[in-house]
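Subject: Structure handover and pocket notes

Hello,

Please find the structure below. My notes on its pockets follow.

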Amino acid sequence: MSSSVFPTDTNLTTERLVLRPWAAGDIAAVLADARSAHWAADFPAEGDRVIAGFIAEQFADPTVSGHRLIIERETGQVVGSIGMMWPPSEGALEIGYGVVASRRGRGYATEATRALVAYALTLPEVHTVYADVESANPASIRVLEKAGLRRRSGDADIARFDTADANSHRS
């Protein structure tokens, strides 16, 4: 069974992005439909509102939730969010992400996913990172493939991608 110790509140920096934990002010602004000068014009998307509500309900300190905002380093604008669904289950940790429509097609989701997967795999309780994606979402499937995850299972509706080497699953 996994412990309840959450990931640290570390910022993750890539070539073009900073992935930083949500702050209480971010959550309050999203839930109040307030606008921030540091948000892309189409942030937050619906998925970001859902995540903000989840964090607000589940965590007294949002920085330990495992969820992060995706920020363009060049502009300082929030362009999406990405997160780890903590705690892992039997060493497997689910991730999810979203980039606002105005910033799609730039590789941000792939860059953010690579960074979060690499970070997650350094956590002592995690040996596999996975994501479930709708089969009808080819853009998200490409993100996961480009980020190095492999399709392991699925049906007509949902496909599961993960980082595990088929021969190295630990139990």
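For the classes used in these notes, Ala, Val, Leu, Ile, Met, Phe, Trp, Tyr, Cys and Pro count as nonpolar, Asp, Glu, Lys and Arg as charged, and the others, Gly among them, as polar. Please keep in mind that this is a predicted model.

Largest pocket

By those classes, 6 nonpolar, 6 polar and 5 charged residues make up the lining of the largest pocket. The volume of this pocket is about 410 Å³. Its lining has 17 residues, and those closest to the centre are Arg104, Ala109, Ala139, Ser140 and Val143. Three elements each contribute at least two lining residues: strand E5 (92-99), helix H3 (108-120) and helix H4 (138-146). Of the elements, H4 gives the most, with 5 residues.

Second largest pocket

The second largest pocket holds about 210 Å³ of space. It is lined by 16 residues, and Gly47, Ile51, Ser81, Tyr97 and Gly98 lie nearest its centre. Here at least two lining residues each come from helix H2 (46-58), strand E4 (78-89) and E5. The largest share, 5 residues, is supplied by E4. By class, the lining of the second largest pocket has 7 nonpolar, 7 polar and 2 charged residues.

Regards

Note on methods. Residues are numbered from 1 along each chain as its sequence is written. This is a predicted model: local features need pLDDT of at least 70, side-chain atom pairs count only at pLDDT 80 or more; totals for chains, interfaces and linings use all residues. Side-chain values use heavy atoms; hydrogens and water are left out. On a 1 Å grid over the protein atoms alone, a cavity is a set of points where a 1.4 Å probe fits but cannot get out, and a pocket is an open set with protein on both sides within 12 Å along at least five of seven lines; lining residues have an atom within 4 Å of a point. Grid points are joined across faces, edges and corners, and a volume is the space filled by probe spheres set on the points. Helices (H or I, at least four residues) and strands (E, at least two) are DSSP runs, numbered from the N terminus.
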